[in-house]
Amino acid sequence: MLPLVPAVLLLAAFMLGPIVYSLYGSLTDRALTGPRAANPQFIGLDNYIELFGSADFWNALVLTVVFVLASAVIGQNVLGMLLAVLMRTSSTVVRSLVSGIVVLAWVLPEIVAAFALYAFFSKDGTLNAALSWFGAEQTAWLYHLPMLSVIIANIWRGTAFSMLVYNAALAEVPPDLIEAATIDGASAWQRFTQVTLPVIRRSISTNLLLTTLQTLGVFTLIWVMTGGGPGTASATLPVLAYQEAFKFAQVGYGTAIATVTLLIGAVFSIIYIRVLKPEVD
């Protein structure tokens with residue numbers, strides 16, 4: 001156990017410590033400026049009571065769940081799996097082209113990708129310019145369809161990670177199993193759903209967990225593209241927490257929102273671990 005002590009201490013200092021301090025901060029009236037910034041008072045669950053009575057919080061909660069389900073659980077994982085299958089069944093030229101385009105979005109710094117996507121979806125941006133070739137009218141995507149825009153943007157931004165994970169997982173599927181299923185008369189779809197997916201279930205569980213937690217904390221992409229607007233139409237929980245803590249200077253209240261976001265991530269983690277828990281070999 002002795003070699004594990006340094007790792008445990010580092011985890012306690014850099015993960016458990018901030019979590020505990022954040023939980024305590026959510027129980028205070030700490031502000032960004034003024035007397036409450038220097039001498040915050042312990043107020044118990046008042047922040048949470050106010051939070052659960054706020055329409056903005058419930059709106060942000062719904063938007064966050066929609067954003068995570070659409071862009072991470074469905075978008076990144078399904079598209080990542082399709083691209084991984086394509087990578088393994090296509091020619092070298094197609095694999096190189098697809099991997100280069102997809103991975104480029106992932107390796108870009110988040111702030112650079114966010115501004116590129118803002119330019120793509122803006123009213124005078126690339127998307128409307130391309131649609132105008134077919135006679136379509138210009139649409140203010142970031143104003144009329146802000147959530148759809150950021151969902152598509154996050155799928156583009158994060159699909160490469162899922163593609164790489166699933167590509168590595170598919171490479172580990174024993175060819176003997178596929179060959180046996182083919183001899184038994186299984187179709188390509190049956191071989192994929194009844195042989196391949198059960199074999200790579202550990203990778204699916206891990207990737208779902210990682211993409212969900214990453215998407216749950218997405219802030220820069222949404223803030224640059226829409227700023228949480230128009231109004232609160234795209235204000236997910238991280239955006240709402242930032243606004244409350246730094247725009248309205250209510251640090252304790254914003255920390256309570258962040259704590260709820262942390263708990264939501266824990267719920268998703270428990271669901272994935274229980275539902276997709278691999279059987280003992």
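Before moving on, a word about what is on your screen. This is a predicted model, in which local features need pLDDT of at least 70 and side-chain atom pairs count only at pLDDT 80 or more, while totals for chains, interfaces and linings use all residues. Residues are numbered from 1 along each chain as its sequence is written, and side-chain values use heavy atoms, with hydrogens and water left out.

**The whole chain**

Zoom out and colour by secondary structure. You will see 15 helices and zero strands; helices (H or I, at least four residues) and strands (E, at least two) are DSSP runs, numbered from the N terminus. Along the principal axes, the C-alpha atoms fill a box of roughly 75 × 65 × 30 Å. Of the 281 residues in the chain, 39% are buried. Take the contacts (heavy atoms within 4.5 Å) between residues at least 6 apart in sequence: 69% of them join residues at least 24 apart.

Rings of Phe, Tyr and Trp (its six-membered ring) pair if their centres lie within 6.5 Å; planes under 30 degrees apart are stacked, over 60 edge-to-face, and the rest tilted. Phenylalanine 52 is partly exposed, with a relative accessible area of 42%.

Phenylalanine 57 is buried, at 1% relative accessibility. Include Trp58 as well, and you have one aromatic cluster of Tyr48, Phe52, Phe57 and Trp58. By this rule, the count comes to 12 aromatic pairs.

**Helices H10 and H11**

Select residues 175–183 (H10) and 188–199 (H11): their axes come within 10 Å and cross at roughly 160 degrees. The axes are lines fitted to C-alpha atoms, for helices over the stretch in contact, and angles run from 0 to 180 degrees between N-to-C directions. That angle makes H10 roughly antiparallel to H11, a label used for angles over 145 degrees, with under 35 counting as roughly parallel, 65 to 115 as roughly perpendicular and the rest as oblique. Show side chains for Leu177, Ile178, Ala181 and Thr182 of H10, and for Arg191, Val195, Thr196 and Val199 of H11, which make the contact.

**Isoleucine 111**

From isoleucine 178, jump to isoleucine 111: the two are 67 residues apart in sequence and 43 Å apart in space, C-alpha to C-alpha. Isoleucine 111 lies in helix H6 (residues 110–121) and is partly exposed, at 40% relative accessibility. Leaving aside residues up to four places away in sequence, isoleucine 111 touches Thr220 and Val224.

**Two backbone stops**

Most residues other than glycine have a negative phi, and most peptide bonds are trans. Select glycine 229 and proline 230, which are joined by a cis peptide bond with omega about -5 degrees. Proline 230 is in the loop between helix H13 (220–225) and helix H14 (237–247). Finish at alanine 249, where phi is positive, near 65 degrees. Alanine 249 lies in the loop between H14 and helix H15 (251–275) and is buried, with a relative accessible area of 18%.

Methods. Buried < 20%, exposed > 50% of the residue type's maximum accessible area, 1.4 Å probe, protein only.
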